[in-house]
Amino acid sequence: LNNVEGLENPTAEILASYIFEKLKPSLANLQAVMVNETLDSACSYKGGNIWGVFKAFELESALPHGDSFLGRSLRIRLGIEKELDPDLGWTLDFAQIKSWFRPIKNRLDHHNLGEIDGRDLSQLRELGQWIFCETLEFIPGLKSIEIEDSAAGGMILERL
């Protein structure tokens, strides 16, 4: 890719915008292009000067069920909008997103969702709202939270 004009620094962000700009003239309804770096990390571009960065986290939690607990596998995917750093060719380092989210993940992973900070977060909506409230201060540009739950399906919360 480094030998293609415009892709001398082929980060996922630059690749997404390159593909978008090449396809947009012939695909009038094109909304965005997403490039996955891994199963857990992706970037998107919709035009303009804002990119979307997505990072997913896997964790296991539990809910009270009678005298025992039911396990729940959760996949939480954060969506962050940010401008491109022209010198680096990316928006955010995925390691930075991981370090920002680590305290939240540690409070949820292998814990009872019925008792997080004295709150019942067993419903996906409450869990998503709690994550938003807990992360807005230190994850700049947080735009969406997607939660997939092995027991309850999934949901998406977006900040307008």
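With a relative accessibility of 46%, Glu 58 counts as partly exposed, a class lying between buried (under 20% relative accessible area) and exposed (over 50%), with a 1.4 Å probe and protein chains only. The model is a predicted one, where local features need pLDDT of at least 70, side-chain atom pairs count only at pLDDT 80 or more, and totals for chains, interfaces and linings use all residues. Residues are numbered from 1 along each chain as its sequence is written, and side-chain values use heavy atoms, leaving out hydrogens and water.

There are 6 salt bridges in the structure, each a side-chain nitrogen of Lys or Arg within 4 Å of a carboxyl oxygen of Asp or Glu. Glu 58 pairs up with Arg 75, the closest N and O atoms being 2.5 Å apart. Glu 58 sits in strand β3 and Arg 75 in strand β4, so this pair ties together parts 17 residues apart in sequence. Asp 40 joins Glu 58 and Arg 75 in a network of salt bridges. Strands are DSSP runs of E, at least two residues, and helices are runs of H or I, at least four, numbered from the N terminus.

Another bridge links Arg 107 and Glu 134, with the closest N and O atoms 3.0 Å apart. Arg 107 belongs to helix α2 and Glu 134 to helix α3, so the pair ties together parts 27 residues apart in sequence. Arg 107 is partly exposed, at 29% relative accessible area.

As for the rest of α2, Phe 94, Ile 97, Trp 100, Phe 101, Ile 104 and Leu 108 are buried. After α2 comes His 110, with a positive phi near 60 degrees.
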